[in-house]
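Colleague: Could you walk me through this model before I set anything up with it?
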Amino acid sequence: MSETLTVAARLGTNRFASDKQSHLTISDPNLCRTCTLQPCIAVCPAQVYHWDGDQIRISYENCLEVGACRIACHELGRQALAWRLPRGAHGVLYRQG
Ligand code: SF4
């Protein structure tokens, strides 16, 4: 009989092959400073985005490649976020689907 894992436990089984360069970039930090809602912070399930003093910080190494941040930024934010998939052989490796 298989054990049912919580979402947090399932996410904890993921593995990451981090690249040296971020696949998530900000075109202009000033756009983020004037972004009222900062929806990237709210929608990311991996908490990749956080506000640090006067700029947005991106912990791209933890990215789950969901893409919700791109949609949120472009629909509700200031369209500052450039989102790409990580380069080949980098990024998240899901173990539990
Ligand atoms: S939603 Fe876009 S513009 Fe707003 S803080 Fe996040 S990355 Fe910057």
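Modeller: Here are some notes on the overall fold, the ligand site and the cysteines.

Modeller: This is a predicted model, in which local features need pLDDT of at least 70 and side-chain atom pairs count only at pLDDT 80 or more, while totals for chains, interfaces and linings use all residues. Residues are numbered from 1 along each chain as its sequence is written, and side-chain values use heavy atoms, with hydrogens and water left out.

Colleague: How many helices and strands are in the protein?

Modeller: The protein has 4 helices and 6 strands, taken as DSSP runs numbered from the N terminus, with helices being H or I of at least four residues and strands being E of at least two. Along the sequence the pattern reads α-β-β-α-α-β-β-α-β-β, and the C-alpha atoms fill a box of roughly 50 × 25 × 25 Å along the principal axes.

Colleague: And where does the ligand sit?

Modeller: The ligand sits in the largest cavity. A cavity here is a set of points, on a 1 Å grid over the protein atoms alone, where a 1.4 Å probe fits but cannot get out, and sitting in a cavity requires more than half of the molecule's atoms to lie within 2 Å of its grid points.

Colleague: Which residues surround the ligand?

Modeller: The ligand is surrounded by Ile26, Cys32, Cys35, Gln38, Pro39, Cys40, Cys73, Arg78 and Ala80, where a residue is near if one of its heavy atoms lies within 4 Å.

Colleague: Is Cys73 buried or exposed?

Modeller: Cys73 is buried, at a relative accessible area of 9%, since buried means under 20% with a 1.4 Å probe and protein chains only. Cys73 lies in helix H4, residues 68-76, and, apart from neighbours within four places in sequence, Cys73 contacts Pro39, Arg78, Gln79, Ala80 and Leu81, a contact being heavy atoms within 4.5 Å.

Colleague: Switching topic, how many disulfides does the structure hold?

Modeller: The structure holds 0 disulfides, a disulfide being a pair of cysteine sulfur atoms within 2.5 Å. For Cys44, the nearest cysteine sulfur is that of Cys69, 6.3 Å away, and for Cys69 the nearest is that of Cys63, 6.2 Å away.

Colleague: What is the relative accessibility of Cys44, then?

Modeller: Cys44 has 14% relative accessibility and so counts as buried, and Cys69 is also buried, with a relative accessible area of 7%.

Note on methods:
On a 1 Å grid over the protein atoms alone, a cavity is a set of points where a 1.4 Å probe fits but cannot get out, and a pocket is an open set with protein on both sides within 12 Å along at least five of seven lines; lining residues have an atom within 4 Å of a point. Buried means under 20% relative accessible area, exposed over 50%, partly exposed in between (1.4 Å probe, protein chains only).
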